[in-house]
Amino acid sequence: MQTVTYEGIKKNADTKEVINDHLVVEAPLEISINETPFTVVMRTPGNDFDLIRGLLYVEDIYRSLNNLEMEVISNTENAFTKVEVTIPEDLIGVGYLNKRSLLSVSSCGICGKQQLEDFDSPKTKLEKQQSINLNKLPELFIEMRENQKTFSLTGGSHAAAIFNTNYDMLTIREDIGRHNAVDKCVGDLIQNQKIKDAAFLLVSGRVSYEIITKAFFAKIGTIVAVSACSSLAVDYAKEFGICLIGFSRDSKATIYSNP
């Protein structure tokens, strides 16, 4: 993984000692599809191919599980990266027609959508999913937290982790953006042919509607968040058959949909 921290200066208020501080990197990733600019994603550098693979999958742009040809065509010192993706024309999904204009920022998944219809989703439900043992949640979050190396350095990154039905952690990724971390996890599992084993998605922050739709396309039936869930996230989770759990901390949890 690329370096994801800068060294800065922080002054200790008590001792007046000057010490090093670390910041999480936020930099643009420009994605082109078949030599045509598609979008610019603000992300934390590292696992960029996972991010692109997951993004194209959950945005219904390339739904095949076959590998994609991706090539870095430019990479500057300030982590501004350009990647060219080649997709057979007959395999490009309808999501490509709703491509994001100009910029997708790391904090908001719908920023850059061209019109309201662009964030509509299929009106279907997931099949019955594996139930999750609520007593297992604390140890799952402990395992995720122990692997949040960027957060330990900076305190400024989000994390997502995906577990199978045996509560084995299949993947974990960090990023400045919550939905980027999810895309990286999904992309990692697709590229390693493990996406069909995904059962439970844990996220370190709050859950917005877009994380629900990403889980839906990846066929992950349970989402657990350490923080809050938005009203639209709950509505979508109910509609798509996803069990959504928020405020999972201090041995408590709130179940919002499909318990």
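The largest nonpolar core of this predicted model comprises 34 residues, and those with the most contacts inside it are Val186, Leu201, Val207, Ile212, Ile223, Ile242 and Leu244. A nonpolar core is here a set of buried Ala, Val, Leu, Ile, Met, Phe, Trp, Tyr and Cys residues joined through side-chain atoms within 4.5 Å. Because the model is predicted, local features need pLDDT of at least 70 and side-chain atom pairs count only at pLDDT 80 or more, whereas totals for chains, interfaces and linings use all residues. Residues are numbered from 1 along each chain as its sequence is written, and side-chain values use heavy atoms, with hydrogens and water left out.

- Another core, of 17 residues, lies apart from it and includes Ile31, Leu51, Leu55 and Leu56.
- Beyond its neighbours within four places in sequence, Val186 is in contact with Gly54, Tyr57, Val58, Ile162, Ile195 and Ala218, contact meaning heavy atoms within 4.5 Å.

**Aromatic pairs**

- The whole structure contains five aromatic pairs, defined by ring centres of Phe, Tyr and Trp (its six-membered ring) within 6.5 Å, with planes under 30 degrees apart counted as stacked, over 60 as edge-to-face and the rest as tilted.
- Tyr167 and Phe200 form a stacked pair, at 5.5 Å centre to centre and 15° between the planes.
- Tyr167 lies in the loop between strand 7 and strand 8 (169–175) and Phe200 in strand 9, so this pair ties together parts that are 33 residues apart in sequence.
- Tyr167 and Phe200 are both buried (under 20% relative accessible area; exposed is over 50% and partly exposed in between, with a 1.4 Å probe and protein chains only).
- Tyr209, Phe216, Phe217, Tyr236 and Phe240 are linked into a cluster by ring pairs.

**Surroundings of Ser64**

- Ser64 occupies the loop between helix 1 and strand 5 (69–75), and its side chain reaches the backbone nitrogen of Asn66 at 3.1 Å.
- Not counting residues up to four places away in sequence, Ser64 touches Arg53 and Tyr57.

**Ser231**

- Ser231, in helix 6, counts as exposed because its relative accessibility is 59%.
- The C-alpha atoms of Ser231 and Tyr209 are 8.2 Å apart in space, while the two residues are 22 residues apart in sequence.

Note on methods:
Helix = DSSP H or I, 4+ residues; strand = E, 2+ residues; numbered from the N terminus. Polar contact = N/O pair within 3.5 Å; in protein donor to acceptor, adjacent residues only side chain to side chain.
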